[in-house]
Amino acid sequence: MFEKAARQKLRFSSSKGLLNAEDLWDLSLPQLDAIYKQLNVESKKAEGESLLDTNTTDKSLELRIEIVKYVFKVKNDEKIERESASERAEKKKKI
């Protein structure tokens, strides 16, 4: 997935400007969510715009959406793990 993004030189619009796939790892969860929402709007517009076959645009857009979802999921899972580790550490201190 990330290899395809690199080969296609995909960029993601954000409040910080255009970002590549590796820059997404530096964003917060709310920033990733904003990018995801923007991509969904683009996706919905692309679905109804034309009767012509726009598979290349659709595939590129789908790939960007999947990358943002993946990065969000990994970062969210890491956050949950840190929080639960912190809670476990607090419980151990109390004991």
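How many helices and strands are there in the protein? There are 3 helices and 2 strands, and this is a predicted model, in which local features need pLDDT of at least 70, side-chain atom pairs count only at pLDDT 80 or more, and totals for chains, interfaces and linings use all residues. Residues are numbered from 1 along each chain as its sequence is written, and side-chain values use heavy atoms, with hydrogens and water left out.

**View 1. The overall fold reads α-β-β-α-α along the sequence.** Helices and strands here are DSSP runs, numbered from the N terminus: helices are H or I with at least four residues, and strands are E with at least two. Of the 95 residues in the protein, 22% are buried. Throughout these legends, buried means under 20% relative accessible area, exposed means over 50%, and partly exposed lies in between (1.4 Å probe, protein chains only).

**View 2. The largest cavity holds about 40 Å³ of space.** A cavity is a set of points, on a 1 Å grid over the protein atoms alone, where a 1.4 Å probe fits but cannot get out; lining residues have an atom within 4 Å of a point. Grid points are joined across faces, edges and corners, and the volume is the space filled by probe spheres set on the points. With this rule, the count is 1 cavity of 30 Å³ or more. Which residues line the largest cavity? They are Phe-12, Ser-13, Ile-35, Gln-38, Leu-39, Glu-42 and Arg-64. Two or more lining residues come from each of β1 (12-14) and α2 (29-49), and α2 gives the most, with 4 residues. Sorted by class, the lining has 3 nonpolar, 2 polar and 2 charged residues. For these classes, Ala, Val, Leu, Ile, Met, Phe, Trp, Tyr, Cys and Pro count as nonpolar, Asp, Glu, Lys and Arg as charged, and the others, Gly among them, as polar.

**View 3. A nonpolar patch on the surface is formed by Met-1, Phe-2, Trp-25 and Tyr-70.** Together these residues have about 350 Å² of accessible area, a value from the Shrake-Rupley method with a 1.4 Å probe, where for residues only the protein chains shown count as cover. Patches are made of residues with over 30% relative accessible area and no salt bridge; like charges are joined within 9 Å, and nonpolar side chains (Val, Leu, Ile, Met, Phe, Trp, Tyr) within 5 Å. Met-1 sits in the segment before α1 (2-8). Why does Met-1 count as partly exposed? Because its relative accessibility is 40%.

**View 4. Lys-9 has a positive phi, near 55 degrees, in a residue other than glycine.** Look for Lys-9 in the loop between α1 and β1. Lys-9 is exposed because its relative accessible area is 62%.

**View 5. Glu-66 pairs with Lys-69 in a salt bridge, the closest N and O atoms being 3.4 Å apart.** A salt bridge is a side-chain nitrogen of Lys or Arg within 4 Å of a carboxyl oxygen of Asp or Glu, and by this rule there are 6 salt bridges. Glu-66 lies in helix α3 (residues 55-94), and Lys-69 lies in that helix too, 3 residues apart from Glu-66, about one turn. Both partners count as partly exposed: Glu-66 has 39% relative accessibility, and Lys-69 has 38%.

**View 6. A salt bridge joins the side chains of Lys-37 and Asp-33 (3.4 Å, N to O).** Lys-37 and Asp-33 are 4 residues apart in helix α2, so about one helical turn separates them. Asp-33 is partly exposed, at 29% relative accessibility.

**View 7. The side chains of Glu-81 and Arg-88 meet in a salt bridge of 3.3 Å, N to O.** Glu-81 is partly exposed, with a relative accessible area of 44%. Arg-88 is partly exposed as well, with a relative accessible area of 44%.

**View 8. Phe-72 and Leu-27 have C-alpha atoms separated by 9.3 Å.** Along the chain, Phe-72 and Leu-27 are 45 residues apart. Phe-72 belongs to helix α3, and at 31% relative accessibility Phe-72 counts as partly exposed.

How values were computed. On a 1 Å grid over the protein atoms alone, a cavity is a set of points where a 1.4 Å probe fits but cannot get out, and a pocket is an open set with protein on both sides within 12 Å along at least five of seven lines; lining residues have an atom within 4 Å of a point.
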